[in-house]
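This briefing accompanies a single protein chain and is meant to be read with the coordinates open alongside.

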Amino acid sequence: MSYGGFVALDSVDISVAPGRVTALIGPNGAGKSTLFHCLCGTLRPRTGLIAYDGRDITRIPAHARTRLGIARTFQQLAVFPSLTVAENVRIGAEQGRVRDPAAVEPVLRLLGLEGPVRDTPAAGLSTGTLRRVELARALAGGPTTLLLDEPAAGLDTAEVAALARVLRALAADGMALLIVEHDLDLVGGLADTVYAMAAGRIVASGPAAQVLAGAGP
């Protein structure tokens, strides 16, 4: 994957396994976002293969990948500000793999959004609450794979801890999770496998403790 003469991705090979948390780390410009967009279907690589459950999905568009069971969140919050929390989550239930409106309420409870906030418009809610809304919307479609783009951005310490508990529970239930994240403390406490990127390549991979030991200043 390249832009003009700049190679954004070069021979990248990663695996995201069910029931495990995989993390992707690296400095800005390393190629993490480009890889993430290729996996989500918002970018198409010129060469290479993206496989999902043994199926080649390289040329399948983003919305079709959602139907297959791949859900994502965004680095820049992407909610509908005029819609309530519950309405935002309902969109995920309608567009996902399962497409079951009944999935909304359990997901709201899981993310602590079942009280009065469920009927509150998204506009004006705190960053931490909006991160939970976006995650709830992704989960409402019943995905088997969840791609998270800097889910801890803008969260305080308590919110990061609560996020980690939810993600651990999802992995324990068999979901495959891929996290692109700069918070190395979160990565170290959560990820089973870490891939480190630099200049469009994977430069290290393995258990979190092993990779993060070489990721310091």
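This is a predicted model: local features need pLDDT of at least 70, side-chain atom pairs count only at pLDDT 80 or more; totals for chains, interfaces and linings use all residues.

## A buried loop residue

Ile57 sits in the loop that runs between strand 5 (55-56) and helix 2 (62-68).

- Although Ile57 belongs to a loop, its relative accessibility is 1%, and because the cut-off for a buried residue is under 20%, Ile57 counts as buried.
- When residues up to four places away in sequence are not counted, Ile57 touches Ile50, Tyr52, Arg65, Leu68 and Ile70.
- Ile57 and Ala213 are 156 residues apart in sequence, and their C-alpha atoms are 34 Å apart in space.

**The protein as a whole**

- The protein contains 8 helices and 10 strands. Its radius of gyration is 17 Å, close to the 17 Å that the globule rule gives for 217 residues, so the protein is as compact as a globular protein of that length.
- Taken along the principal axes, the box filled by the C-alpha atoms is roughly 50 × 35 × 30 Å.

**Helix 5 and what covers it**

- Helix 5 (127-140) is mostly covered, with 12 of its 14 residues buried; among them are the charged residues Arg131, Glu134 and Arg137, together with Leu130, Val133, Leu135 and Leu139.
- The cover over the buried residues of helix 5 includes strand 6 (70-72), helix 3, helix 4, strand 7 (145-149) and helix 6 (157-172).
- The length of helix 5 can be checked against its residue count: at 1.5 Å a residue its 14 residues should span 20 Å, and its end C-alpha atoms are 20 Å apart, which agrees.
- Just after helix 5 comes Gly142, which takes a positive phi of about 70°.

**Helices 3 and 1**

- In helix 3 (residues 85-95), the buried residues are Val85, Ala86, Asn88, Val89, Ile91, Gly92 and Ala93, and the buried residues of this helix pack against helix 4 (104-110) and helix 5 (127-140).
- Helix 1 (residues 32-40) has 7 of its 9 residues buried, so helix 1 is largely enclosed by the rest of the structure.
- The buried residues of helix 1 are Lys32, Thr34, Leu35, Phe36, Cys38, Leu39 and Cys40, and the helix is followed by Gly41, whose phi is positive, near 100°.

**The loop between helix 3 and helix 4**

- Arg97 is found in the loop between helix 3 and helix 4, and at 37% relative accessibility Arg97 counts as partly exposed.
- Leaving aside neighbours within four places in sequence, Arg97 is in contact with Thr66, Arg67, Leu68 and Gly69, and also with Gly141, Gly142, Pro143 and Thr144.
- The C-alpha atoms of Arg97 and Ala23 are separated by 24 Å, and these residues are 74 apart along the chain.
- Asp100 has its place in the loop between helix 3 and helix 4, and at 32% relative accessibility Asp100 counts as partly exposed.
- Asp100 and Gly141 are 41 residues apart along the chain, with 7.3 Å separating their C-alpha atoms.

**Positive phi outside glycine**

- Asp53, which lies in the loop between strand 4 (51-52) and strand 5, has a positive phi of about 55° although it is not a glycine, and at 76% relative accessibility Asp53 counts as exposed.
- Glu150, found in the loop between strand 7 and helix 6, has a positive phi of about 50° although it is not a glycine, and at 12% relative accessibility Glu150 counts as buried.

Terms used
Residues are numbered from 1 along each chain as its sequence is written. Side-chain values use heavy atoms; hydrogens and water are left out. Helices (H or I, at least four residues) and strands (E, at least two) are DSSP runs, numbered from the N terminus. The radius of gyration is taken over C-alpha atoms; the globule rule is 2.2 Å times the number of residues to the power 0.38. Buried means under 20% relative accessible area, exposed over 50%, partly exposed in between (1.4 Å probe, protein chains only). Contact means heavy atoms within 4.5 Å. The expected span of a helix is 1.5 Å times one less than its number of residues.
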